[in-house]
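Here's a walk through a protein chain and its ligand, written to be read with the structure open beside you. Take a look first, and then we'll go through it piece by piece.

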Amino acid sequence: MTTLPEAAPARVDLTALADLVTPWAIRVAATLRLADHIAAGHTRLPDLARAAGAEADALRRLLRVLTGRGVFAEPEQDTYALTQAAGLLKDSGPFGLRAWFDLDGMGGRMDQAFGGLLHTVRTGEPAYPEVHGRSLWQDTLDDPELARSYADLMAAHTTFAAPEVISAHPWPETGHVIDVGGGSGSLLARLLTARPRLRGTLLDLPEAAEEGRRALAAAGLADRASVHPGSFFDPLPAGADLYLLTWVLHDWSDDEAVRILRRCAEAAREGEGAGEGRVLIVENLVTDGRRADVAAAMDLRLLVLFGGRERTPRQLDEVVVRAGLRVTGRRVTGTGIHLVSCAPAE
Ligand SMILES: C[S@@+](CC[C@H](N)C(=O)[O-])C[C@H]1O[C@@H](n2cnc3c(N)ncnc32)[C@H](O)[C@@H]1O
């Protein structure tokens, strides 16, 4: 299985690839919500600067870069308009892209961690704690705003992926599912809506669990969905029918992923239905069917942010086996999301 780009471009424009001006300019435009202000009619420079809380001359110079790159247009001097690309920067744009670039939120904070990439490559350690003084998870524990911002980012991603994940698996009709590291609750909410006799528990760190509780209540599921604030490195509530880990394991090193899976295996073995519980891992894996450059960029991102990694199916199988589980089934969705079913090993 290869993870190398199949066809490397014949000629690489290194200066364009290495340019940091444009990526930062896009993030500042997203943070200042320039696209929404322009869409609301603040098209003239002084008015736009006022609406965005920016200094007019600096804003003009920022927009000179971005109009040069086709991100905004300048139909007449000092008057700005949206392009197709700028439309993606509106708050209502697809995939919640603006929030991923917002330097005041968790999206921008994650990008800033790349300032520590050299530290990561020299040491093999994540850069995020080096740059921000504490781990990303500690950030979400200490700062409810950052917890909310992170949950919103995850919800945008998972809301998009959830219908596909739900239709790809034979979910139980009844019983109890624990969404381990369930975050925003968007997947669990959709699952419980699709299976009206199923019960669910969202387990996550306290601040994230609060976000999940709000989402489940807003979906009218408070009677069938409970929330368990806690860590998946500690013993999990035992005896559920299914322990679900969606986009969790890739945030962690192999040893940490084994510890999380062991907790799931123990809880699946220990409950009333002794040994009947199952574990379902949902995430993107590195396969020949996935663009190698996209997988490589995500893998490096996971290392910088958390010390995690994007795994091949074989690498995932290795951590599964080390945790005392065996793989019982695999499915892949149309967009390449892998669902790996596991049961406690004999
Ligand atoms: C990448 S997010 C995935 C969230 C959710 N499963 C989804 O697919 O949208 C990882 C989640 O793990 C949670 N998490 C991190 N450390 C944790 C811990 N020690 N115990 C429980 N949850 C944790 C985070 O708060 C976050 O919600």
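This is a predicted model: local features need pLDDT of at least 70, side-chain atom pairs count only at pLDDT 80 or more; totals for chains, interfaces and linings use all residues.

In which loop does H250 lie? Look between strand 6 (242-246) and helix 15 (254-270): H250 is in the loop there.

Residues are numbered from 1 along each chain as its sequence is written.

An unreviewed UniProt entry carries the annotation "active site" at H250. UniProt positions are given in the numbering used here, feature names are shortened, and annotations may be inferred rather than shown by experiment. Is H250 buried or exposed? H250 is buried, because 21 other C-beta atoms lie within 10 Å. The cut-offs are these: 20 or more other C-beta atoms within 10 Å of a residue's own make it buried, 12 or fewer make it exposed, and anything in between is partly exposed, with C-beta atoms placed from the backbone. If you skip neighbours within four places in sequence, H250 is in contact with E283, L302, G308, R309, E310 and R311. Contact means that the C-beta atoms of two residues, placed from the backbone, lie within 7 Å.

W247 is in that loop between strand 6 and helix 15 too. Its phi is near 50°, a positive value in a residue other than glycine. W247 has 18 C-beta neighbours inside 10 Å, so it counts as partly exposed. F95 also has a positive phi, of about 60°, although it is not a glycine. You'll find F95 in the loop between helix 6 (84-87) and helix 7 (97-101). With 13 other C-beta atoms within 10 Å, F95 is partly exposed.

Now for the ligand. How many residues surround it? There are 19, and the closest are T158, G181, G183, A208 and T246. A residue is taken as near a molecule if its C-beta atom, placed from the backbone, lies within 6 Å of it. Helix 11 (136-142) and helix 12 (144-168) each bring at least two residues to this shell. By type, the shell divides into nine nonpolar, eight polar and two charged residues. Here Ala, Val, Leu, Ile, Met, Phe, Trp, Tyr, Cys and Pro count as nonpolar, Asp, Glu, Lys and Arg as charged, and the others, Gly among them, as polar.

Helix 11 also holds Q138. Q138 has 15 C-beta neighbours inside 10 Å, so it counts as partly exposed. Along the chain Q138 and L205 are 67 residues apart, while their C-alpha atoms are separated by 9.6 Å.

Let's zoom out. The protein chain has 17 helices and nine strands. Its domain assignment gives domain 1 (14-96), domain 2 (105-134) and domain 3 (138-344), with bounds that come from an automatic or database assignment. Taken over C-alpha atoms, the centres of domain 1 and domain 3 are 37 Å apart. The UniProt annotation "domain: O-methyltransferase dimerisation", from the unreviewed entry, covers residues 21-89. Over that stretch the chain is 61% helix and 13% strand, and the end C-alpha atoms are 17 Å apart.

R109, found in helix 8, is buried because it has 20 other C-beta atoms within 10 Å. R109 and D204 are 95 residues apart in sequence, and 21 Å apart C-alpha to C-alpha. R214 lies in helix 14 (residues 206-218). R214 and A18 are 196 residues apart in sequence, with 42 Å between their C-alpha atoms.

For the chain overall, buried residues make up 38% of the 346 residues. Of the contacts with a separation of 6 or more, 64% link residues 24 or more positions apart. The C-alpha atoms fill a box of roughly 70 × 50 × 40 Å along the principal axes.

How values were computed: Helices (H or I, at least four residues) and strands (E, at least two) are DSSP runs, numbered from the N terminus.
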